[in-house]
Amino acid sequence: MSGEQKVNPFKNLIAGGFGGMCLVASGHPLDTIKVRLQTMAKPEPGKPAMYKGTFDCASKIIKKEGFFGLYRGMAAPLIGVTPMYMVCFGGFALGQRLQQKDTKTPLTLVQIFNAGMISGIFTTAIMAPGERIKCLLQVQSANPNATQQFKGPLDCGRSLLRTGGIGSLYKGTCATLLRDIPASGVYFMTYEFFQRTLTPEGKSRSDLSPMRILFAGGMAGICNWIIAMPPDVLKSRLQTAPEGTYPKGVRDVFKHLMKNEGPLALYRGAVPVFLRAFPANACCFMGYELAMKVLNWLMPDS
């Protein structure tokens, strides 16, 4: 992704969008389970929790809502994923381009990390509203017997704008930044590290086998979520809470969570996250690399 030729932000925009579509299609069911676990209410004394864990959550969703209940809320991220990942990979390419002195000198892993953090800043503007809508739709489906507040992503977005304005739609933006800036840096740095490590001596990274690309992408996803998980829990709580619950934003969420549930709650929903992280991000980077090969064939760099 760097060091062998001048980074082309336009090609990264297109390839990143395709990679993001691959990620959402492969990983959304486990994302639904993650959000349900993160946002379930603390059980009253003597009563069991709504979900015992990942597999119990999955079975209850399928039993009450059918198999496609696992795909609830997917329209919002799928609609937004193309521009979001276009911006993600395009921002990463821009971050590389700003640091790239020539095409013969590969960027250091620290420089790759910096470029990834720039990517995280760019993606938040698109990601925050989509995440807000997705989480609200996923949570309301937890109780199918209750009156459904939103009919779908468009209805949810219109309702948020009507009742709270643009600020309501972007609720949780700071928490999203806390998650995405460091996690995006780790994400791209990890992928670069494994790409370099797995490239045979004397060979080009373009010679990497599909299995090695999948492994590098999967490990990038795992390392990304190790960093992103705690702020993601805070973000989900904030974005799905009734208005006025946390007047000071993510700080109030953190204080409330620490006081009532303890530090381990920051990794609630970790099992579906990590089960999803490897295959979803493996598919994302595989889609990205395939798209780049096609684009390089169609539009070779001069």
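Which element gives the most to the nonpolar patch?

1. The model is predicted. Its nonpolar surface patch covers about 640 Å² and is made by Phe10, Ile14, Val294, Trp297, Leu298 and Met299. Two elements give two or more residues to the nonpolar patch, helix H1 (9-39) and H9. Of the elements involved, H9 gives the most, with 3 residues.

2. Phe10, one of the patch residues, lies in helix H1. Its relative accessibility is 46%, so Phe10 counts as partly exposed, the range for that class being between 20% and 50%.

3. How many aromatic pairs does a search of the whole structure find? The search returns 15 aromatic pairs. In one of them, Phe67 and Tyr71, the ring centres are 5.9 Å apart and the planes stand at 55°, so the pair is tilted; an angle over 60 degrees would be needed for edge-to-face. Both partners are partly exposed, Phe67 at 46% relative accessibility and Tyr71 with a relative accessible area of 26%.

4. Phe89 and Phe285 also form an aromatic pair, and this one is edge-to-face, with 5.7 Å from centre to centre and 70° between the planes. Phe89 belongs to helix H3 (residues 75-99) and Phe285 to helix H9 (residues 270-298), so the pair ties together parts that are 196 residues apart in sequence. Phe89 and Phe285 are both buried.

5. Helix H6 (residues 173-198) has 26 residues. From its first C-alpha to its last, H6 reaches 36 Å, close to the 38 Å expected at 1.5 Å a residue. Where does H6 bend? The bend is at Ala183 and comes to about 25°.

6. On charged pairs, the count comes to 17 salt bridges. Asp31 and Lys34 form one of them, with the closest N and O atoms 3.2 Å apart. Both residues lie in helix H1, 3 residues apart, which is about one turn of the helix.

7. Are Asp31 and Lys34 buried or exposed? Asp31 has 7% relative accessibility and so counts as buried. Lys34 is buried as well, with a relative accessible area of 3%. The cut-off for that class is under 20%.

8. Asp31 and Lys34 are also part of a network of salt bridges that links them with Glu131, Lys134, Arg179, Asp180, Asp232 and Lys235.

9. Lys47 and Glu44 meet through their side chains in a salt bridge of 3.5 Å, N to O. Lys47, at 52% relative accessibility, counts as exposed.

10. Which parts of the chain does the pair of Arg237 and Glu261 link? Arg237 is in helix H7 (residues 210-240), and Glu261 is in the loop between helix H8 (250-260) and H9, 24 residues apart. The closest N and O atoms of this salt bridge are 3.0 Å apart. Arg237 counts as buried at 10% relative accessibility, while Glu261 is partly exposed, with a relative accessible area of 25%.

11. Pro230 is also found in helix H7 and counts as buried, at 17% relative accessibility. Pro230 and Pro263 are 33 residues apart in sequence, and their C-alpha atoms are 9.2 Å apart in space.

12. Phe278 is found in helix H9 and, at 30% relative accessibility, counts as partly exposed. Its C-alpha atom is separated by 36 Å from that of Gly244, 34 residues apart along the chain.

How values were computed. Residues are numbered from 1 along each chain as its sequence is written. This is a predicted model: local features need pLDDT of at least 70, side-chain atom pairs count only at pLDDT 80 or more; totals for chains, interfaces and linings use all residues. Side-chain values use heavy atoms; hydrogens and water are left out. Rings of Phe, Tyr and Trp (its six-membered ring) pair if their centres lie within 6.5 Å; planes under 30 degrees apart count as stacked, over 60 as edge-to-face and the rest as tilted. Buried means under 20% relative accessible area, exposed over 50%, partly exposed in between (1.4 Å probe, protein chains only). Helices (H or I, at least four residues) and strands (E, at least two) are DSSP runs, numbered from the N terminus. Patches are made of residues with over 30% relative accessible area and no salt bridge: like charges are joined within 9 Å, nonpolar side chains (Val, Leu, Ile, Met, Phe, Trp, Tyr) within 5 Å. Accessible areas come from the Shrake-Rupley method with a 1.4 Å probe; for residues, only the protein chains shown count as cover. A salt bridge is a side-chain nitrogen of Lys or Arg within 4 Å of a carboxyl oxygen of Asp or Glu. The expected span of a helix is 1.5 Å times one less than its number of residues. The bend at a residue is the angle between axes fitted to the seven residues ending there and the seven starting there.
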